[in-house]
There are 2 protein chains.
Amino acid sequence: MKILEDRIMSDGVVKDGGIIKVDSFLNHQMDISLINELGREFRRRFAGDGVTKILTIEASGIGIACITAQYFGVPVVFAKKCDSKNLDGDVYTSEVTSYTKGKDYTIRVAKKFLSPDDKILIIDDFLAKGKAFFGLKDIVQQAGATLCGVGICIEKGFQDGGKLIRSMGIHLESLAIIELDEDGGIKFAK
Amino acid sequence: MKILEDRIMSDGVVKDGGIIKVDSFLNHQMDISLINELGREFRRRFAGDGVTKILTIEASGIGIACITAQYFGVPVVFAKKCDSKNLDGDVYTSEVTSYTKGKDYTIRVAKKFLSPDDKILIIDDFLAKGKAFFGLKDIVQQAGATLCGVGICIEKGFQDGGKLIRSMGIHLESLAIIELDEDGGIKFAK
């Protein structure tokens with residue numbers, strides 16, 4: 001998606017270890033006009049799938065999921081990462097390893113918010129090794145819901161999450177796919 | 001705000017210790033249509049303040065802030081709670097005690113996203129003792145920015161955060177203010 005690729009080139013920063021900083025517009029400061037364009041594009045790419053709910057994971061996926069949900073007319077559910085007095089009762093859980101944060105954590109979704117009738121679109125800001133996605137997919141399966149697909153703002157094409165997800169026949173749409181070039185810069189996959 | 005009070009009465013759950021669960025529409029599952037109404041109301045109450053940026057704190061404030069920001073036409077910045085490889089360089093930090101989670105944590109905002117020219121509206125889902133607010137206010141002050149006010153979805157009127165903030169002359173708007181009645185139920189302050 002050209003508007004996003006252009007913004008990554010103008011405002012993104014590439015750091016060692018394949019970390020892409022887009023914190024000026026996507027996941028610390030958030031350009032809501034841009035994110036509306038992304039949401040509209042997710043709607044276009046998943047039109048006709050009968051999505052009933054958008055599922056994401058805290059924290060940086062939430063804003064993107066909420067803006068996107070407006071184009072689908074459905075609620076958002078976000079998986080929680082931490083223990084909290086506010087999350088009790090029956091929950092689905094799954095274990096996730098964070099590449100960026102270098103640790104494992106448990107994600108949780110209250111069972112009452114996912115049902116076998118739900119058609120779930122997973123939305124997140126980044127896809128690298130796919131750990132967060134597979135945790136969310138596990139929860140969708142536990143609920144007996146249908147996974148319509150996954151919409152990602154920025155996929156790191158030089159890591160294997162995207163290839164793995166596509167090889168499973170899952171409908172994955174990444175609005176920008178970043179590859180590393182020889183001199184440590186970035187380029188976009190076609 | 002009647003639409004929010006009605007929803008709290010129909011779908012909210014009061015637990016021991018003054019914890020109000022609104023996870024079916026506000027902070028786990030999110031009713032985006034309702035949150036659009038809240039965002040529109042925040043705009044009405046802070047019209048004319050020249051807000052340049054909305055500041056919130058991860059995780060449950062982010063979605064509400066993003067929807068609200070559409071009505072102001074400004075970006076969102078969310079304070080981060082955890083260490084991350086993605087947050088380096090110059091950051092403002094402040095210490096916050098979480099009532100709900102029963103622990104202290106550090107919040108961080110990259111310095112480049114707040115400037116002395118900014119007029120900041122703080123948005124959050126809940127106000128209880130005001131700990132998160134005072135951490136965010138501290139960061140606004142460190143940046144030399146102007147605090148226009150704070151917009152809260154649900155204030156716990158039986159805790160002292162709201163009184164304290166109002167006593168400082170800060171423009172606080174809470175869309176619903178909950179009081180506890182004698183038999184452990186809830187009612188709304190006028």
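Residues are numbered from 1 along each chain as its sequence is written, and chains are lettered from A in the order in which they are written. In this predicted model, local features need pLDDT of at least 70 and side-chain atom pairs count only at pLDDT 80 or more, while totals for chains, interfaces and linings use all residues; side-chain values use heavy atoms, without hydrogens or water.

**Helix packing**

Helices (H or I, at least four residues) and strands (E, at least two) are DSSP runs numbered from the N terminus. Axes here are lines fitted to C-alpha atoms, for helices over the stretch in contact, with angles from 0 to 180 degrees between N-to-C directions. Angles under 35 degrees count as roughly parallel, over 145 as roughly antiparallel, 65 to 115 as roughly perpendicular and the rest as oblique.

The H3(A) and H3(B) crossing is right-handed. A crossing is right-handed if the near helix is turned clockwise from the far one by less than a right angle, and left-handed if anticlockwise. On the chain A side, Ile62(A), Gly63(A), Cys66(A), Ile67(A) and Gln70(A) meet Ile62(B), Gly63(B), Cys66(B), Ile67(B) and Gln70(B) of H3(B). Contact means heavy atoms within 4.5 Å. An α-helix has 3.6 residues a turn, so residues three or four places apart point the same way.

Within chain A, helix H2 (residues 32-45) also packs against H3(A): their axes come within 8 Å and cross at roughly 50 degrees. H2(A) and H3(A) are thus oblique to each other, and their crossing is right-handed. Residues of H2(A) in this contact include Ile32(A), Ile35(A) and Phe42(A), and those of H3(A) include Ile64(A), Ile67(A) and Tyr71(A).

In chain B, eleven of the 13 residues of H3(B) are buried, so H3(B) is largely enclosed by the rest of the structure. Among the buried residues are Ile62(B), Gly63(B), Cys66(B) and Ile67(B). Buried means under 20% relative accessible area, exposed over 50% and partly exposed in between (1.4 Å probe, protein chains only). Just after H3(B), Gly73(B) has a positive phi of about 65 degrees.

A cis peptide bond joins Glu58(A) and Ala59(A), with omega about 5 degrees. Ala59(A) is in the loop between strand S4 (53-57) and H3 of chain A. In chain B, the peptide bond from Glu58(B) to Ala59(B) is cis, with omega near 5 degrees, and Ala59(B) is in the loop between strand S4 (53-57) and H3 of chain B.

**Nonpolar core**

The largest nonpolar core has 75 residues, and Leu4(A), Ile8(A), Ile54(A), Leu4(B), Ile8(B) and Ile54(B) have the most contacts inside it. Such a core is a set of buried Ala, Val, Leu, Ile, Met, Phe, Trp, Tyr and Cys residues joined through side-chain atoms within 4.5 Å. Beyond residues up to four places away in sequence, Ile8(A) touches Val22(A), Phe25(A), Ile154(A), Ala176(A), Ile178(A), Ile186(A) and Phe188(A).

**Aromatic pairs**

A search of the whole structure finds two aromatic pairs over all chains. The ring centres of Phe133(A) and Phe134(A) are 5.1 Å apart with planes at 70 degrees, so this pair is edge-to-face. Phe133(B) and Phe134(B) also form an edge-to-face pair, with 5.1 Å between centres and 70 degrees between planes. Rings of Phe, Tyr and Trp (its six-membered ring) pair if their centres lie within 6.5 Å; planes under 30 degrees apart count as stacked, over 60 as edge-to-face and the rest as tilted. The table gives the accessibility of the ring residues.

| Residue | Relative accessible area | Class |
|---|---|---|
| Phe133(A) | 4% | buried |
| Phe134(A) | 24% | partly exposed |
| Phe133(B) | 4% | buried |
| Phe134(B) | 24% | partly exposed |

Ala132(A) lies in helix H4 (residues 131-142) of chain A and counts as buried at 18% relative accessibility. Its contacts beyond four places in sequence are Ile57(A), Val96(A) and Asp124(A).

Ala189(A), in the segment after strand S11 (186-188), is partly exposed at 25% relative accessibility. Outside four places in sequence, Ala189(A) is in contact with Ile177(A) and Glu179(A).
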